[in-house]
Amino acid sequence: VTGASFVVFNGALKTSSGFLAKSSIVEDGLMVQITPETMEGLRQALRDKKDFKITCGKTDTGDIKEYVDICWVENEEKTNKG
């Protein structure tokens, strides 16, 4: 679990890069590089207020270890107020 002050979603990752998605720490935030198709799915999930999961890692390996989960919560009082 990583806490971040901000999240940047970059939808310019090429499918030919060999990655499903890539995440990296940038200053005190998180940058997630995703394909245009995944970006469209993310946009639709945000419009519909649905949870969305981004799987990060190489496409040719079965050993995927990173996920970026976007989750909607019912009660904001239980989340980080910082």
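1. Salt bridges. This predicted model holds one salt bridge. The partners are the side chains of Glu40 and Arg47, with an N to O distance of 3.9 Å. The cut-off is 4 Å, so the pair counts. In general terms, side chains of opposite charge can pair when their charged atoms come close.

2. Exposure of the two partners. Glu40 has 39% relative accessibility, so Glu40 counts as partly exposed. Arg47 has 52% relative accessibility and therefore counts as exposed. The line between these two classes is drawn at 50%.

3. The helix. H1 covers residues 36-48. This helix lies across four strands: E1, E3 (29-34), E4 and E5. Against E4, H1 runs at about 160°.

4. The sheet. Five strands make up an open sheet. Their order is E1-E3-E2-E4-E5. Pairing is mixed. The edges are E1 (7-10) and E5 (66-70), each of which pairs on one side only. From one strand to the next, the twist averages 35°.

5. The E2-E4 pairing. E2 spans residues 19-26, and E4 spans residues 52-58. The two strands run antiparallel. How many bridges join E2 to E4? Two bridges do. Which residue of E4 does Ala21 stand opposite? Ala21 faces Gly57 there.

Definitions and conventions
Residues numbered from 1 in each chain as written. Predicted model: local features only at pLDDT ≥ 70, side-chain atom pairs only at ≥ 80, totals over all residues. Heavy atoms only, no water. Pairing = 2+ DSSP bridges. Axes fitted to C-alpha atoms, helices over the stretch in contact; angles between N-to-C directions. Contact = heavy atoms within 4.5 Å. Buried < 20%, exposed > 50% of the residue type's maximum accessible area, 1.4 Å probe, protein only.
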